[in-house]
Amino acid sequence: MAVREIKEEVYSVGVIDWDREVFDELIPLPDGTTYNSYLVKGSEKTALIDTVDAGFDEELITNLARSGINGIDYVIINHAEQDHSGAIIVFLELFPNAKIIASEKGADLLEALHQIPRFRIQTVTDGETISLGDRTLEFLITPWVHWPDTMLTYLREDKILFSCDLFGAHYACSDLFVPEKCYHSTLAKRYFAEIMMPFRSKITGYLDRLSEYELSVIAPSHGPCYDEPAYIMDLYREWSSDLVKNLVVIPYISMHGSTKKMVGYLTDALMRRNIQVRPYDLGKSDSGRLAMDLVDAATIIIATPTVLTGPHPRVANIAFIANILKPKAKFAGIIGSYGWGGKTVKDLIGIMDRLEVEMFEPVYLKGLPSEGAYNSLESLADEILNKHKSENIL
Ligand code: FEO
């Protein structure tokens with residue numbers, strides 16, 4: 001990645017990982033990602049804000065050399081996850097007098113994850129500042145976006161917020177600033193859905209706090225920067241709110257066709273009632289697309305056959321993920337078909353125990369769906385319609 005100047009003597013020096021396909025061995029990255037790192041030169045001191053993923057340290061060091069620094073006084077680690085702290089050990093060796101700056105929880109994690117000696121770390125508290133001479137860094141302790149250690153760094157004189165994971169997008173992009181809002185919004189929403197959604201209430205509070213700050217640029221740790229901070233903050237306010245849309249998502253698997261017939265019938269029944277619906281065949285679907293719809297959906301209907309005694313493992317997996325992502329859906333249901341028995345409905349309800357949803361009566365039947373099954377799906381569609389009306393989203 002080239003060195004780019006954000007403002008005078010403030011540089012983007014991170015790297016682009018064009019080819020990364022998956023994050024945390026879980027999250028698909030169809031557009032790669034970046035590990036952003038920023039250099040701030042003051043009249044007396046120089047700070048590096050976040051490093052890069054392990055394996056990209058040479059590139060980061062090359063970028064720093066190009067930016068003409070004599071040394072680094074502070075390495076600010078906003079968040080200890082390895083995609084931002086992975087190159088830290090190299091910096092400790094290269095700059096033996098540099099202090100690492102982190103939150104208290106960040107210091108604990110850096111010690112645990114990298115075995116960094118504690119005397120190299122200076123912890124900061126909420127609102128604390130560090131002077132670089134003519135520039136001031138202010139730290140905002142903001143746990144759970146998305147680890148307990150997270151903090152944001154605000155460069156007061158230039159009004160730049162270095163927001164680490166918050167407001168990021170997994171997007172390998174050569175532009176310094178968001179080049180095209182429509183495309184970027186989709187990627188930022190995908191990132192929000194997969195990483196930030198469980199922390200909606202925290203984010204709402206942080207947005208309120210940030211409204212007291214004048215911001216000219218938001219510089220996140222993944223994806224391009226924002227020269228119109230209000231654009232991403234408005235999107236985050238919408239995504240973090242409790243408002244749901246007239247949308248039903250139906251993640252499903254069908255082994256021999258019965259569950260698929262039920263999904264097809266329910267999809268049609270909902271469309272006839274002017275309800276938006278999106279079935280996802282979990283054998284083929286992009287989990288990121290499903291996660292994005294979970295940001296908005298008022299209702300989730302899970303559809304599965306029974307495998308031996310319980311839900312199909314792919315469905316159980318998505319129910320588990322939905323449970324930890326804690327989408328804002330208000331209603332949920334289970335439909336599907338079994339061969340000879342089992343406790344699929346009970347197992348699925350147990351897996352989704354953290355979802356604060358009102359459950360519909362399951363439509364779970366033996367073998368091929370009959371006329372009675374289709375009547376039950378019509379009734380389910382009516383119930384969904386009534387619930388959506390009660391939420392004033394129709
Ligand atoms: Fe981009 Fe939580 O690391």
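Phe167 is buried, since its relative accessibility is 0%, where buried means under 20% relative accessible area, exposed over 50% and partly exposed in between (1.4 Å probe, protein chains only). This residue is not a glycine, yet Phe167 has a positive phi of about 75°. Phe167 sits in the loop between β15 (160-164) and α5; helices (H or I, at least four residues) and strands (E, at least two) are DSSP runs, numbered from the N terminus. The model described here is predicted, so that local features need pLDDT of at least 70 and side-chain atom pairs count only at pLDDT 80 or more, while totals for chains, interfaces and linings use all residues. Residues are numbered from 1 along each chain as its sequence is written, and side-chain values use heavy atoms, with hydrogens and water left out.

Most residues other than glycine have a negative phi, and most peptide bonds are trans. Asn274, again not a glycine, has a positive phi of about 60°. Asn274 belongs to the loop between α8 and β18 (276-281), and Asn274 counts as exposed because its relative accessibility is 61%. A cis peptide bond links Val145 to His146, with omega about 10°. His146 is placed in the loop between β13 (136-141) and β14 (151-155).

With neighbours within four places in sequence left aside, Ile203 touches Val145, Leu166, Phe192, Met196, Tyr236 and Ser240. Ile203 is part of helix α6 (residues 200-210) and, at 1% relative accessibility, counts as buried.

At 1.5 Å a residue, its 20 residues (371-390) should span 28 Å, which agrees with the 29 Å between its end C-alpha atoms; the expected span is 1.5 Å times one less than the number of residues. The buried residues of α12 are Ala373, Tyr374, Leu377, Glu378, Leu380, Ala381, Ile384, Leu385 and His388. Seen down the axis of α12, these residues fall within an arc of 160°, so they line one face of the helix; the arc is that of the directions from the helix axis to the C-beta atoms. The cover over the buried residues of α12 includes β17 (245-252), α8 (258-272), β19 (297-303), β22 (331-338) and β24 (363-366). After α12 comes Asn392, whose phi is positive, near 60°.

Within α8, one of the covering elements, lies Ser258. Ser258 is buried, with a relative accessible area of 14%. Beyond its neighbours within four places in sequence, Ser258 is in contact with Ser337, Gly367, Leu368 and Pro369.

Attention now turns to empty space. Rolling a probe the size of a water molecule over the atoms shows where empty space is left. On a 1 Å grid over the protein atoms alone, a cavity is a set of points where a 1.4 Å probe fits but cannot get out, a pocket is an open set with protein on both sides within 12 Å along at least five of seven lines, and lining residues have an atom within 4 Å of a point. Grid points are joined across faces, edges and corners, and a volume is the space filled by probe spheres set on the points.

The largest pocket holds about 650 Å³ of space. Its lining has 33 residues, with Leu26, Ile27, Glu194, Ile321 and Leu325 nearest the centre. Two or more lining residues each come from β5 (27-28), α5 (181-196), α9 (287-294) and α10 (313-325), and α10 gives the most, with seven residues. By class, this lining has 17 nonpolar, seven polar and nine charged residues; Ala, Val, Leu, Ile, Met, Phe, Trp, Tyr, Cys and Pro count as nonpolar, Asp, Glu, Lys and Arg as charged, and the others, Gly among them, as polar.

Three cavities of 30 Å³ or more are counted. The largest cavity has a volume of about 70 Å³, and of its twelve lining residues Arg4, Asn36, Asp175, Gly223 and Pro224 are closest to the centre. The second largest cavity, of about 60 Å³, is lined by Pro28, Leu29, Pro30, Asp31, His170, Leu187, Arg190, Tyr191 and Glu194. The largest share of that lining, four residues, comes from α5.

How values were computed. Contact means heavy atoms within 4.5 Å.
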